[in-house]
Amino acid sequence: MIAGVSIYEILTVSTIIFFIGIYGFVTRKNLIAMLMSVELILNSAALNFVIINKYLFPEALGGAMFSIFIIAVAAAETALALAIIINLYRLIMSLKTDDLETMKF
Amino acid sequence: MERIIFYIIAILMIVFAVMSVSSRNLMRSIIYLLFVLLGIAGIYFMIEFFFLGAVQLTVYAGGIIILYVNSIMLVEKINNPLPSVPFGRKFLAGAVALAGIILTLIAVWSYNFVNIAESQAKETSVKEVGHAFLSYGDKGYILPFELITMLLLAAMVGAIVIAKSGKFNENKEQNQ
């Protein structure tokens, strides 16, 4: 734990980053920009896991472990999503969500 | 001293996060995102969890950001700014995000966390993490570890297949 900094302040920071990510996810219309907002959300969630583990249960390792798993899943998700986006760009030459109509029924 | 450093990191992270979601240039926005990720790695180092800080630096700053930069350069003309967001959507999303922040902060600050004494805080060593990863006893995490290896393998194969599939289809059409 950080000397002189309580758990409330760190949770405040991670909350603010989480909702900035939500804001970006809602306002952006570009696929890559939306994916970047998802990275912000995932990072603040991982930070929360570690902080609660460290401040409230210093003997346990669960939160730390699962934040490592969050990072691994985020890496896999980013690789797959970027592959899909590049493939999509070849098909329709655009990244705007308004133009993605090929899977609409 | 540590308190001041934490506040500096926190303010920088929030400022760069806002710039990252509002910048109209994708390449700049990804660099701002990189600074946010570095700030989170800094917090991991400050709470003495050095392994996770190193993982954050290598996987995010070294891997994911480079992947983003490469794909932005592949698909987007860098000089073209993104279209500006209409004010109505910006205002609505901002209001929703602000309401969420306020609601969550009220919930967090009104809850009485049992703070441990500072003497109880300890460093999470790499040795401890490694033992926890590979032990199958009471506090072992071997099953999620194996699952994540399979997931990463499947994601890697899947990403290659998906990213190349357009080309395969073209070849098939040419053969017919």
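Leu80(A) touches Ala155(B), Gly158(B) and Ala159(B), leaving out residues up to four places away in sequence; two residues are in contact if their C-beta atoms, placed from the backbone, lie within 7 Å. This is a predicted model, in which local features need pLDDT of at least 70, side-chain atom pairs count only at pLDDT 80 or more, and totals for chains, interfaces and linings use all residues. Residues are numbered from 1 along each chain as its sequence is written, while chains are lettered from A and ligands numbered from 1 in the order in which they are written.

Leu80(A) sits in helix α3 (residues 62–92) of chain A. Helices (H or I, at least four residues) and strands (E, at least two) are DSSP runs, numbered from the N terminus. Leu80(A) is partly exposed, because 17 C-beta neighbours lie inside 10 Å. A residue is buried if 20 or more other C-beta atoms lie within 10 Å of its own, exposed if 12 or fewer, and partly exposed in between, with C-beta atoms placed from the backbone. From Leu80(A) to Ile22(A) is 58 residues in sequence and 21 Å in space, C-alpha to C-alpha.

### The contact between the chains

Chain B gives 74 residues to the contact and chain A gives 59 residues. On the side of chain B that touches chain A, the elements that give two or more residues are α1 (2–22), α2 (26–46), α3 (50–75), α4 (87–110), α5 (126–134) and α6 (142–175) of chain B. The residues of that side of chain B divide into 51 nonpolar, 14 polar and nine charged. Here Ala, Val, Leu, Ile, Met, Phe, Trp, Tyr, Cys and Pro count as nonpolar, Asp, Glu, Lys and Arg as charged, and the others, Gly among them, as polar.

Phe113(B) lies in the loop between α4 and α5 of chain B. Which residues does Phe113(B) contact, leaving aside its neighbours within four places in sequence? They are Ile7(A) and Leu56(A). Phe113(B) has 14 other C-beta atoms within 10 Å and is therefore partly exposed. Its C-alpha is 36 Å from that of Ser29(B), 84 residues away in sequence.

### Helix α1 of chain A

Helix α1 (residues 7–27) of chain A has 21 residues and reaches 30 Å from its first C-alpha to its last, close to the 30 Å expected at 1.5 Å a residue. The expected span is 1.5 Å times one less than the number of residues. Of the 21 residues of α1(A), 16 are buried, so α1(A) is largely enclosed by the rest of the structure.

Two packed helices are described by the angle between their axes and the distance between the axes. Axes are lines fitted to C-alpha atoms, for helices over the stretch in contact, and angles run from 0 to 180 degrees between N-to-C directions.

| Pair | Angle between axes | Distance between axes |
|---|---|---|
| α1(A) and α2(A) | roughly 165° | within 8 Å |
| α1(A) and α4(B) | about 160° | 9 Å |
| α1(A) and α1(B) | roughly 5° | within 9 Å |

Angles under 35 degrees count as roughly parallel, over 145 as roughly antiparallel, 65 to 115 as roughly perpendicular and the rest as oblique.

The axes of α1(A) and α2(A) cross at roughly 165°, which makes α1(A) roughly antiparallel to α2(A). Their crossing is left-handed; a crossing is left-handed if the near helix is turned anticlockwise from the far one by less than a right angle, and right-handed if clockwise. The residues making this contact include Ile7(A), Ser14(A) and Phe18(A) of α1(A), and Met34(A), Ile41(A) and Tyr55(A) of α2(A). They divide into 15 nonpolar, six polar and no charged.

With α4(B), the angle of α1(A) is about 160°, so α1(A) is roughly antiparallel to α4(B). This crossing is right-handed. Among the residues in contact are Tyr8(A), Phe19(A) and Thr27(A) of α1(A), and Arg89(B), Gly100(B) and Trp109(B) of α4(B). The contact divides into 14 nonpolar, six polar and two charged residues. As for α4(B) itself, two of its 24 residues are buried, so α4(B) lies largely in the open.

The axes of α1(A) and α1(B) cross at roughly 5°, and the two helices are therefore roughly parallel to each other. Their contact includes Val13(A) and Ile17(A) of α1(A), and Ala10(B) and Val21(B) of α1(B). Its residues divide into 11 nonpolar, one polar and no charged.
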